Amino acid sequence: MAALAGPRGERLLAWGLLLPCLAVVCAFAFWPIVYSVVLSLHRIVLSLPGLGAPFVGLENYARLLSEPGARHSAGITLAFVGASTLLEVSLGTLMALALDKSFRGRGLVRAAVLVPWAIPTVVASQMWRFILNDRYGLMNWLVFGGDVGSYQAWLASPGWALGAVILADVWKTSAFAALIVLAGLQTIPRDLYEAAALDGAGPWQRFRHLTLPLVLPALAVALVFRTMDAFRVFDLVYVMTQGGPANATNVLQFYGYKKMFAEGFMGYGSAVSVLVFVMVLAVSLIYLKLVGRRLLRGETA
Amino acid sequence: MALVLPGCGGEAQDPNTIRLVAWKFNNPGLWRRLADQFEQLHPPLKVALEIAPHSSTAYHDLLTQKLKNRSSEVDVFLMDVVWPPEFASAGWALPLDQMLPPGEKERFLPAAVEASSWHGRLYGAPLYVSAGALYYRQDLLEHLRLKPPKTWPQLVSQVKMTLAHQGNQDLAGYVGQFKQYEGLVCNMMEFVWSAGGRALLPGDAGGALSKPRDLKAVRFVRDSLIDNAAPRGVLSYQEPESLEVFAQGGALFMRNWFYAWPILNDPARSKVAGKVGLAPLPRFSGGESASCLGGWLVGLSAFSTKPEKAFKLIKFLASEQVQRRLVLEEGLAPARRALYDDPWVLKAHPHFKKLPPLLATARSRPRTPLYPAVSQGLQVYFHRAISDEDSDLPILADTADIEINRLLGLIKEE
């Protein structure tokens with residue numbers, strides 16, 4: 001170790017310690033992204049090897065932008081991300097506020113709230129398929145009771161299907177948002193509330209001027225996580241609708257998956273994944289800019 | 001015999017282990033028992049099994065993933081009847097013609113041989129087949145002195161008569177598979193064919209969905225079937241959902257594959273056992289009854305390091321004795337013609353004597369190396385067209401034709 005003494009040695013040691021981690025990140029995170037970008041610039045059709053793999057520049061991206069199916073999928077994805085993220089973070093916040101109060105059996109309720117999140121998505125999706133079945137599903141029984149004639153085929157109707165997938169996602173992951181917000185709530189010192197109460201602040205004022213600003217960092221984290229996850233929604237669609245009915249739930253990830261794995265268009269499918277990647281990256285950067293900076297300023301001010 | 005687990009390192013190099021990737025039978029032990037029998041007949045060869053999911057699409061993803069990585073861990077694989085053009089063109093499957101004794105091809109059903117061939121060469125040994133058929137409630141039809149319908153409009157009017165007579169809200173008219181997935185293509189192609197249409201012109205000449213006969217069939221499904229003779233829910237049904245409805249006595253007619261017959265006549269699983277009839281699918285006036293060919297073939301991987309040993313397994317699986325076992329133990333319809341007159345088979349499954357006329361109407365779905373992509377295009381088109389009663393059919397069909405022509409253009413470019 002003596003040889004490593006001094007600032008230079010220290011720097012070397014730091015790099016040495018970082019290197020394994022960097023190598024893993026490069027191999028498993030960075031390289032696939034680069035490789036996807038490279039693939040997306042070529043035309044590769046698996047079942048037509050005679051075409052070779054010519055470099056086509058941005059042709060795949062040009063087609064992606066002009067193809068009605070891809071645009072439709074992009075629209076569906078944005079609708080899914082907007083609706084599910086908004087609902088999950090608001091519902092999660094409400095749940096967190098309730099769970100933050102002390103009441104008898106709180107531990108049990110907290111555990112129960114987490115159950116949907118703990119169920120594997122594939123199992124949950126299958127369960128929702130049963131619930132939404134047009135003949136023996138629970139949903140029809142809840143909404144229409146014994147009136148069999150008006151039973152709806154929820155997953156068969158282009159108008160309802162996306163809503164059904166959003167509902168399943170909200171049911172499943174609101175608890176995750178709740179967990180993060182709850183963690184944020186727990187860090188707020190209790191004496192602040194006592195002081196505010198002594199100063200005559202009502203419950204709404206305490207929430208508006210105390211809880212909300214202090215829980216904002218946690219809220220932002222929940223928002224970023226949920227948005228990124230929502231962009232990558234796949235398993236719910238895979239199990240519940242396979243992108244149907246009439247492509248009404250054909251989110252970008254599923255569209256790209258079908259292009260790449262079922263149809264063998266490796267180049268075009270890669271362009272779709274790169275697009276999703278860029279969208280997620282853009283959204284994360286916007287969040288960081290909007291929420292992150294204000295937070296930093298708020299904290300240092 | 002040693003149970004060889006898939007994924008264990010080293011065995012791929014074992015020159016006597018043949019790796020078989022197959023999809024699941026309903027009877028999970030059957031593959032292992034077949035493999036055991038093969039190992040007894042051909043020592044020292046061993047069979048390592050990899051059993052894939054019970055969905056053709058998921059299985060396609062898994063298998064092509066291995067083949068595109070040129071994996072030597074697959075020697076023999078099961079192929080859906082729609083895959084040979086793709087597998088042949090991609091160079092994943094080897095032609096088997098040279099390994100077959102002369103005259104062997106003719107022993108299989110012609111439709112199955114046609115499905116296994118691409119550009120004049122055979123890429124798979126047919127294992128078992130299936131086809132779409134019309135199941136009907138014999139008791140309900142006989143009650144009204146009706147015979148199974150010959151045409152689709154007849155079917156619709158029989159549904160109306162029966163439902164009016166029964167006055168039972170829980171009874172639906174027609175159920176089939178109209179979810180947006182591969183089964184939708186089969187169901188819709190049967191309507192299109194029986195109207196004299198064909199979706200794709202032969203020889204990659206282009207899409208034909210906007211031709212009048214094709215449009216007529218799709219319009220009929222949208223206007224006269226969905227939400228009329230068939231409940232709207234069929235738009236989300238695959239085979240199990242439609243079978244369940246019919247087996248519970250919830251429908252007058254069902255389109256399904258051959259596998260439904262034994263289930264429907266098993267009192268433990270069906271409320272309509274003994275009350276079910278089986279008929280060829282109806283047609284449109286001026287058209288012919290047509291059913292979609294389904295089934296599985298056995299193919300040889302181009303990346304196998306031991307093709308000759310692997311072919312022994314293929315020959316075994318395609319043999320008459322194995323196909324007889326598949327009938328007796330699994331109820332699957334054999335690809336070998338002789339078995340439809342086999343006394344053992346007919347004793348165990350008397351309904352098999354009804355199958356040859358149904359199989360004679362069986363046709364292959366559009367045959368092209370880009371079938372998965374063409375199928376996606378067809379699925380989107382058909383589902384859009386039939387799930388919205390105000391859909392602008394000619395425009396949707398034109399759009400789908402353009403997309404299909406663009407895909408077929410890639411093949412010409414190759």
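How many Å separate the centres of domain 1 of chain B and domain 2 of chain B? Taken over C-alpha atoms, the answer is 28 Å.

This is a predicted model, in which local features need pLDDT of at least 70, side-chain atom pairs count only at pLDDT 80 or more, and totals for chains, interfaces and linings use all residues. Residues are numbered from 1 along each chain as its sequence is written, chains are lettered from A in the order in which they are written, and side-chain values use heavy atoms, with hydrogens and water left out.

**View 1. The two domains of chain B.** Domain 1 covers 11-130 + 293-363, and domain 2 covers 133-290 + 366-413; these bounds come from an automatic or database domain assignment. Domain 1 of chain B brings 23 residues to the contact and domain 2 of chain B brings 15 residues (contact: heavy atoms within 4.5 Å).

**View 2. The area between the domains.** Domain 1 of chain B and domain 2 of chain B bury about 1,900 Å² between them, with 68% given by carbon and sulfur atoms (accessible area, 1.4 Å probe, that two parts lose on being put together, summed over both). On the domain 1 side, B:His351, B:Leu358 and B:Arg363 lose the most area to domain 2 of chain B, together 30% of what that side buries.

**View 3. Polar pairs across the interface.** Look here for five residue pairs in polar contact, both residues at pLDDT 80 or more (N or O atoms within 3.5 Å, one able to donate a hydrogen and the other to accept it; residues adjacent in sequence count only if both atoms are side-chain atoms).
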